[in-house]
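Please look over the sequence and the structure below before reading on.

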Amino acid sequence: MGLKIFLDGELVEKESAKISVFDHGLLYGDGIFEGIRAYSGRVFRLKEHIDRLYDSAKVLMLEIPVDKNKMAGDIKATLKANSLIDAYIRVVVTRGVGDLGLDPRKCPKASYFIIADKISLYPDELYEKGLEIATVSTRRNIPESLNPRVKSLNYLNNIMAKIEGNQRGVAEALMLNSQGFVAECTGDNIFIIKNGVLITPHSSAGALLGITQEAVIELAEKRKIEVRRELFTRYCVFTADECFLTGTAAEIIPVIALDGRKIASGKPGKITTGLIDDFRKLVKSTGEVI
Ligand code: PMP
């Protein structure tokens, strides 16, 4: 039996899950999405992901055709239909079918679909060894044009950065904001640790407010680790004691070098590995039961 996709109110086979070439999600990247994980039959931070989806929609004046409860139910129904208890879930809302102009008023109804499948972003050994990353020249979108807090279908800013990262042979690329402060990576948030303090960019740096990032802050606070959200530059990453990235797909992954500078000993740090353990326990013991 093939993968079942939830598309505009019904579950359909993967092969029949199709949207129009006139959908503005495709023509203009006019739409939003979420990436969510289920672990051992529980959906991690479902409410937070749904809230962020509806907040993104609000900013883009995109009317999601169903309410939050129905959306949560549809996500669970998609997991059940595919008998998945460990999965990556992609929820996409597009502006819907319009004409060839970009005016969203020509798109009477938004479309949404949900894909639940397996994911493994990085090979296991990278979680043990850590990643090398590189700063790229593509800067993160300025919040005044397209706020990075909106998880929109228009990921070209990050894709441009990812291409540069690929050319440099690194698994993730670090993006600065227009002022040169560290913003985030192409699909992950960044943390550094210096003298026992956990630091992640302040929201004014212009990054997606990560749900994994927030979970890690809570775990650190439980361990009585001081947490700060502040603006910092590459200098602070080069000279950090530890560094790691967070994201729904990546979870927590250690970073051991930036732009050819080893971070401390060049091995994943103790606080990072402790937080990875805590996070693995958290995802298995919390979350909405499917
Ligand atoms: N930044 C960007 C640009 C992202 O696309 C993502 C999600 N993949 C993140 C950060 C991490 O956010 P979250 O922890 O909510 O998945």
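A polar contact is a pair of N or O atoms within 3.5 Å, and within protein one of the two must be able to donate a hydrogen while the other must be able to accept it. With this in mind, and remembering that the model shown here is predicted, we can begin with asparagine 147, where a polar atom of the side chain lies 2.9 Å from the backbone nitrogen of arginine 149. Asparagine 147 is found in the loop between strand 7 (131-135) and helix 5 (156-168), and with a relative accessible area of 27% asparagine 147 is partly exposed, because residues between the limits of 20% and 50% are put in that class. If we look from there towards lysine 76, the C-alpha atoms of asparagine 147 and lysine 76 are separated by 29 Å, while the two residues are 71 residues apart along the chain.

Lysine 76 leads us to helix 3, where it is listed among the buried residues together with Met71, Ala72, Asp74, Ile75, Thr78 and Leu79. Helix 3 covers residues 68-81, which makes 14 residues, and from its first C-alpha to its last it reaches 20 Å, close to the 20 Å expected at 1.5 Å a residue.

Most residues other than glycine have a negative phi. Serine 83 has its positive value although it is not a glycine. Serine 83 lies in the loop between helix 3 and strand 5 (87-94), and at 65% relative accessibility serine 83 counts as exposed, because the limit for that class is over 50%. Another residue to look at in this way is lysine 224, which has a positive phi of about 65° although it is not a glycine. Lysine 224 is placed in the loop between helix 6 (211-222) and strand 12 (227-229), and with a relative accessibility of 74% lysine 224 counts as exposed.

We can now turn to the ligand. Which residues are the closest to the ligand? The ligand is surrounded by 16 residues, of which the closest are Tyr155, Glu184, Ile211, Thr212 and Thr248. In the case of tyrosine 155, a polar side-chain atom lies 2.4 Å from an oxygen atom of the ligand, and in the case of arginine 52 a polar side-chain atom lies 2.8 Å from an oxygen atom of the ligand. Of the 390 Å² of accessible area that the ligand has on its own, the protein covers 94%.

Charged side chains also meet one another, and the structure holds 19 salt bridges. In one of these, the side chains of glutamate 13 and lysine 4 meet with a distance of 3.1 Å from N to O. Lysine 106 forms a salt bridge with aspartate 99, and their closest N and O atoms are 3.4 Å apart; lysine 106 is partly exposed at 46%, and aspartate 99 is partly exposed at 31%. A further salt bridge joins arginine 228 to glutamate 230, with 3.6 Å between the closest N and O atoms, and here arginine 228 is partly exposed at 34%, while glutamate 230 is partly exposed at 28%. Lys47, Asp51 and Lys68 are linked in a network of salt bridges.

Val21, Phe22, Leu26, Leu27, Tyr28, Val97, Leu100 and Leu102 make a nonpolar surface patch of about 770 Å². One of these residues, tyrosine 28, has its place in helix 1 (residues 24-28), and at 34% relative accessibility tyrosine 28 counts as partly exposed.

Terms used. Residues are numbered from 1 along each chain as its sequence is written. This is a predicted model: local features need pLDDT of at least 70, side-chain atom pairs count only at pLDDT 80 or more; totals for chains, interfaces and linings use all residues. Side-chain values use heavy atoms; hydrogens and water are left out. Helices (H or I, at least four residues) and strands (E, at least two) are DSSP runs, numbered from the N terminus. The expected span of a helix is 1.5 Å times one less than its number of residues. Buried means under 20% relative accessible area, exposed over 50%, partly exposed in between (1.4 Å probe, protein chains only). Patches are made of residues with over 30% relative accessible area and no salt bridge: like charges are joined within 9 Å, nonpolar side chains (Val, Leu, Ile, Met, Phe, Trp, Tyr) within 5 Å. Accessible areas come from the Shrake-Rupley method with a 1.4 Å probe; for residues, only the protein chains shown count as cover. A salt bridge is a side-chain nitrogen of Lys or Arg within 4 Å of a carboxyl oxygen of Asp or Glu. A residue is near a molecule or strand if one of its heavy atoms lies within 4 Å of it.
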